[in-house]
Structure formats: structure tokens, C-alpha cells
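Work through the exercises below with the model open beside you. Try each task before you read its solution.

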Amino acid sequence: MKSRRTWMRAAATGACVVGLVVGMQGQAWAGQVKISAVNGAGTGTFNSDPDGSIPGDSIRACDTKSDDWAIEVALDYNGDLVMDRVVDTRGHLAGYCTPWKGGNLTEGRTVRMYVTPVSGSSYGPPRYIDVTA
């Protein structure tokens with residue numbers, strides 16, 4: 001009986017430690033959200049708060065794979081499927097990241113970020129995530 005209680009205490013303590021560590025990581029990364037394109041050819045990043053030379057409410061696209069696909073990152077502010085802010089890596093070799101493109105958004109506003117592989121005028125399947133300014 002005593003060993004069962006000891007095991008339960010150890011399990012509860014372990015769960016609390018895991019919860020604390022995961023919670024702290026979430027807060028540490030809250031200012032920047034990065035997602036990969038569906039085809040693995042690159043990433044899109046949203047930066048909510050200014051950080052050194054990186055402006056707040058900004059996006060950036062990075063092409064990481066030599067495969068004739070570029071990466072387009074876009075923000076839809078109004079939920080109307082009209083892209084309000086767009087950057088892409090068209091015309092650049094793999095390993096290129098666009099400059100950050102920012103503009104002030106209302107604090108706490110949720111917008112949708114799309115990361116899409118593009119080749120000329122062809123678009124691959126987009127991946128999207130809702131992010132908070």
C-alpha cells in the first residue's frame with residue numbers, strides 16, 4: 001500500500017513538472033509563430049512584438065529547398081480571404097529569406113497567416129494558422 005502511494009505522488013509530481021515546463025516554453029515563444037509549407041520547401045514566420053531589428057506584426061518567408069518552388073506568406077486581417085500583407089521568395093535561390101514586412105495591427109487582434117508553395121503562377125496547397133497580434 002505504501003509503495004502505491006509513493007508511486008502516485010511521484011506520478012503527480014512528474015505531471016506538474018511537465019506542465020510547468022511546457023507552460024514556460026509557450027510563454028517564451030509567444031512572440032513568434034513559424035510554420036512549414038505543406039511540401040516542406042520552406043517556412044513562414046509571424047512576429048507579433050518588436051524584437052531588436054524585427055518589427056512587430058510582421059511576416060517573413062524562407063525558402064529552404066532547391067525544388068523550383070518558392071514560398072509565399074500572407075496575412076488575412078479581415079477573414080475575407082483577401083490577402084492584406086504578402087511576401088514571397090520568387091526569383092531567389094533556396095536559402096533565401098525575405099525581409100520582414102510589418103505594419104501595426106490592433107493589439108490582441110487575431111489574423112490568419114497562410115504559407116503556400118508557389119511556382120510561377122501555380123500555387124500548391126496552403127497551410128494556415130490563426131495568430132494574435
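Buried means under 20% relative accessible area, exposed means over 50%, and partly exposed lies in between (1.4 Å probe, protein chains only). This is a predicted model: local features need pLDDT of at least 70, side-chain atom pairs count only at pLDDT 80 or more, and totals for chains, interfaces and linings use all residues. Residues are numbered from 1 along each chain as its sequence is written, and side-chain values use heavy atoms, with hydrogens and water left out.

**Exercise 1. The overall picture**

Task: State what share of the protein's residues is buried, and list its elements in order from the N terminus.

Solution. 
- Step 1. Apply the burial cut-off. Of the 133 residues in the protein, 32% are buried.
- Step 2. Find the elements. Helices (H or I, at least four residues) and strands (E, at least two) are DSSP runs, numbered from the N terminus. The protein has one helix and eight strands.
- Step 3. The run is α-β-β-β-β-β-β-β-β.
- Step 4. Look at the contacts, meaning heavy atoms within 4.5 Å. Take those with a separation of 6 or more: 53% of them join residues 24 or more positions apart.

**Exercise 2. A buried charge**

Task: Find Arg85 and work out which side chain of opposite charge is nearest to it.

Solution. 
- Step 1. Locate it. Arg85 lies in strand β5 (residues 85-88).
- Step 2. Lys and Arg count as positive, Asp and Glu as negative; His and the chain ends are not counted.
- Step 3. A salt bridge is a side-chain nitrogen of Lys or Arg within 4 Å of a carboxyl oxygen of Asp or Glu.
- Step 4. Apply it. Arg85 is buried but has no salt bridge; Asp57, the nearest side chain of opposite charge, is 6.2 Å away.
- Step 5. Look for a polar contact. This is a pair of N or O atoms within 3.5 Å; within protein, one must be able to donate a hydrogen and the other to accept it, and residues adjacent in sequence count only if both atoms are side-chain atoms. The side chains of Arg85 and Tyr77 make one at 2.6 Å.
- Step 6. Check the neighbours. Not counting residues up to four places away in sequence, Arg85 touches residues including Ile59, Val73, Leu75 and Leu105.

**Exercise 3. The salt bridges**

Task: How many salt bridges does the whole structure hold, and which residues form them?

Solution. 
- Step 1. Count. The search finds three.
- Step 2. Take Glu72 and Arg90. Their closest N and O atoms are 3.2 Å apart. Glu72 is in strand β4 (residues 70-76) and Arg90 in the loop between β5 and β6 (110-119), 18 residues apart.
- Step 3. Glu72 is buried at 11% relative accessibility, whereas Arg90 is partly exposed at 30%.
- Step 4. Take Arg90 and Asp88. Their side chains meet at 3.1 Å, N to O.
- Step 5. Take Arg112 and Asp130. Their closest N and O atoms are 2.7 Å apart. Arg112 lies in strand β6 and Asp130 in strand β8 (residues 127-132), so the pair ties together parts 18 residues apart in sequence.
- Step 6. Look for shared partners. Glu72, Asp88 and Arg90 join into one network.
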